[in-house]
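Here is a short note to read beside the model. Please keep the sequence and the 3D view open as you go through the points.

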Amino acid sequence: MKFQRQAKILDLIDRFEIETQEDLTDHLRAMGFNTTQATVSRDIKELRLIKSLSAETGKYKYTASTAGAADSFTTRLRNIFRECVTAIDAAQNMVVIKTLPGLGQAAAMAIDAMRASDVVGTLGGDDTVFAVMRDNEAAARFCRQAQDILK
């Protein structure tokens, strides 16, 4: 449940301008997570979320640290990837990744944060991630690496 909640937090801060822990708690509750502000506070710390100035509103919002992400943050994203992915398959230079319901965007974010040079881009849905690779060999290599993460 913790990994699913943290994956959903990453998804929420990517989709919405979340300014406070209370806002985040309210969003999580609306998504069916029975959580407290104290739990959200611990999640924010573990995920190493930061507040940055929103270009749209001029207010501070939670964001995932992307520049120079710490090893522990990358490890957390790999754990989220491991917990939410159920299947991976390649078709030529495309990779389709199936996840638990509601965690497709979190898995896509984890892939993006891994900064794999062969990944051209990802598209995360509810329970599926579509990743485009540079070529067929890159797709096969990515599938092997992703399978290793899942072990």
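1. **Basis.** This is a predicted model, in which local features need pLDDT of at least 70, side-chain atom pairs count only at pLDDT 80 or more, and totals for chains, interfaces and linings use all residues. Residues are numbered from 1 along each chain as its sequence is written, and side-chain values use heavy atoms, with hydrogens and water left out.

2. **H1 against H3.** Start with helix H1 (residues 2-15) and helix H3 (residues 37-47). Helices (H or I, at least four residues) and strands (E, at least two) are DSSP runs, numbered from the N terminus. The axes of H1 and H3 lie 11 Å apart, at an angle of about 75°. H1 is therefore roughly perpendicular to H3. Axes here are lines fitted to C-alpha atoms, for helices over the stretch in contact, and angles run from 0 to 180 degrees between N-to-C directions. Angles under 35 degrees count as roughly parallel, over 145 as roughly antiparallel, 65 to 115 as roughly perpendicular and the rest as oblique.

3. **Who meets whom.** From H1 come Lys2, Arg5, Gln6, Ile9 and Leu10; from H3 come Thr39, Asp43, Glu46 and Leu47. Contact means heavy atoms within 4.5 Å. The residues of this H1 and H3 contact divide into three nonpolar, two polar and four charged. In this scheme Ala, Val, Leu, Ile, Met, Phe, Trp, Tyr, Cys and Pro are nonpolar, Asp, Glu, Lys and Arg are charged, and the others, Gly among them, are polar.

4. **Aspartate 43.** Is aspartate 43 buried or exposed? Aspartate 43 counts as buried because its relative accessibility is 2%. Buried means under 20% relative accessible area, exposed over 50%, and partly exposed in between (1.4 Å probe, protein chains only). Aspartate 43 sits in helix H3. Beyond neighbours within four places in sequence, aspartate 43 is in contact with Arg5, Gln6 and Ile9.

5. **H2 against H3.** Helix H2 (residues 21-30) also meets H3: their axes come within 9 Å and cross at roughly 105°. So H2 and H3 are roughly perpendicular to each other. Gln21, Leu24, Thr25 and Leu28 of H2 make the contact with Gln37, Val40, Ser41 and Ile44 of H3. Four of the residues in this H2 and H3 contact are nonpolar, four are polar and none is charged.

6. **The core.** In soluble globular proteins, nonpolar side chains tend to be buried together. In this model the largest nonpolar core has 40 residues. Such a core is a set of buried Ala, Val, Leu, Ile, Met, Phe, Trp, Tyr and Cys residues joined through side-chain atoms within 4.5 Å. Leu10, Leu49, Phe81 and Val95 have the most contacts inside it. Leaving out residues up to four places away in sequence, leucine 49 touches Ile9, Leu10, Ile13, Ile44, Tyr62, Thr63 and Ala64.

7. **Cysteines.** How many disulfides does a search of the whole structure find? The search finds zero. A disulfide is a pair of cysteine sulfur atoms within 2.5 Å. For cysteine 84, the nearest cysteine sulfur belongs to cysteine 143, 15 Å away. Cysteine 84 counts as buried at 1% relative accessibility. Cysteine 143 counts as buried at 13%.

8. **Positive phi.** Arginine 48 is not a glycine, yet its phi is positive, about 55°. Arginine 48 lies in the loop between H3 and strand E1 (49-53) and is partly exposed, at 43%. Glutamine 92 also has a positive phi, near 55°. Its place is the loop between strand E3 (85-91) and strand E4 (94-99). Glutamine 92 counts as exposed, at 61%.

9. **Helix H5.** Helix H5 (residues 104-113) is mostly covered, with seven of its ten residues buried. Among them are Gly104, Met109 and Ile111. Arginine 115 follows H5 and has a positive phi, near 55°.

10. **Aspartate 126.** The loop between strand E5 (119-124) and strand E6 (128-133) holds aspartate 126. Aspartate 126 is exposed, at 52%. Not counting residues up to four places away in sequence, aspartate 126 touches Thr99, Leu100, Pro101, Gly102, Leu103 and Gly104.
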